[in-house]
Amino acid sequence: MGDGVSKILICGGGVIGLCTAAMLGRDGHDVTVLEADPAGHPSSSIQGWDWERPGVAQFRQPHNLSSRFRMVADQELPGLTDTLLRAGCVWMDYFDPRFLPPTITDRTPRPGDEAMRFVTGRRPAMEWAVATMAQAAPNVTIRRGTKVRELVTGASAVPCVPHVAGVRTTSGEEIRADLVIDAMGRRSPACELIRHAGGRSPVEEAEDSNFVYFTRYFSGKQRPHRKGRVLTPMGLLSILTLDGDNETWSVTLFTSARNKAMRALRDAATFHRVVMACPLQAHWLEGEPITHVLLMAGVLDRYRRFVVDGQPVVTGYAAVGDAWACTNPSAGRGLSVGLLHAQVLRNVARRHIDDPGEFSREYDAETERQIGPFYRNQIAADRARIAEMEALAEGLPMPPPNPMMAKLFAASAQDADVFRGVVEIAMCVSLPQDIFARPHIAAKLAELDGRPLPPNANIIGREQMASLIAG
């Protein structure tokens, strides 16, 4: 059982790096966060939108928090939910009768519905709130404008395995630590840093998810009433509608990056024409546009594993959140899964902070067990969705959907408990495999065996899309 006070360095001062720092600081460790971007966090959340964060490519792209994020935050970081609300973030409750699909007749609340409420907003407001919380956290020092160049090694804790004993910054400063945590996000050079320190290459799988995103933010006195799902597949594209902080919201269209004709969505008039063709989302355009159409492409799906053949590639080092694995962000789960991962790291540190070899092995095992399924399920969903988009673009029949998920979505339109199961999956509270195992849900899905499922009535096909793009 590790119970000593350790010196911990966290490389990366984004949402997950700062939440990890606050958790470890609350346990009494001496935590220093090194953030490469020099700009300090603004004095108010409203100014957060103008915060210069070049190290976070997706800083002004849509983000969503979830029920799981709030559950972990309330347990580990008391006060963060209130700080998010103070920053202008808003409560969401998908079990509010106003948000239930109109096809569901049983609108009776269920025990536990309250626990699924959460707060959300735009990334700058979220990061402002987290930075405010971390700045006041015990035993945490945040140094902005400090970039890590390389890992520094010390005496091995496991034979023939390099032990990370700190970092060297780009200014040449050497900072020693008992544990170095990589929270540098999607751009983390983890493999390069480890190889340069003499470690064996981590396992790394990486590929372009092949999605391209077009987003516009709006503001108005009243946020739009939600008529459809947060994320709705519409054939050649999907549409994502998210509530933001401080009377703002966003509309995102995403599609296959291989479909070059869709690049026309960068034009505001074309973007608006296509959203107007989405019957459950068209009213989300009824606000004052506060940005042009923002483009994001080249998003990697990437997964790393730092224990190979039962042996850590290095000790004294741990990657958390997107530095470990990241996916296409359309499901909006990155911050929620990242916070859950930070909790796993903190729990393993409580047991093994004084035993670097055991820490590395157990952190790897618990990451695979608790966090790995979220990554693998998202990758499977992304691959299925991109295959649908590309088939439609080429005029080919759509590949068959995942039969279990297709039945789950069909049943969720009629049954209040199946609908709750779908929301639990979206909110990172439960995994699909756990939802399928519930007796009531298993029975509802069994009723659909052998029956044709209702087709997606909202598909925008090639001809309609060509006409919308042409105007």
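Okay, let's start with helix α6 (residues 268-276) and helix α13 (residues 462-470): their axes come within 8 Å and cross at roughly 140°. That makes α6 oblique to α13, since angles under 35 degrees count as roughly parallel, over 145 as roughly antiparallel, 65 to 115 as roughly perpendicular and the rest as oblique. Thr270, Arg273 and Val274 of α6 meet Met465, Leu468, Ile469 and Ala470 of α13, with contact meaning heavy atoms within 4.5 Å. By class, that's five nonpolar, one polar and one charged.

Quick caveat: this is a predicted model, where local features need pLDDT of at least 70, side-chain atom pairs count only at pLDDT 80 or more, and totals for chains, interfaces and linings use all residues. Residues are numbered from 1 along each chain as its sequence is written, and side-chain values use heavy atoms, with hydrogens and water left out.

Next pair: helix α1 (residues 15-26) packs with helix α4 (residues 123-135) at an angle of about 25°, axes 9 Å apart. So α1 is roughly parallel to α4. On the α1 side we've got Val15, Leu18, Cys19 and Ala22, and on α4 Arg123, Glu127, Val130, Ala131, Met133 and Ala134. That contact has eight nonpolar, no polar and two charged residues.

Note on methods:
Axes fitted to C-alpha atoms, helices over the stretch in contact; angles between N-to-C directions. Helix = DSSP H or I, 4+ residues; strand = E, 2+ residues; numbered from the N terminus. Nonpolar A, V, L, I, M, F, W, Y, C, P; charged D, E, K, R; others polar.
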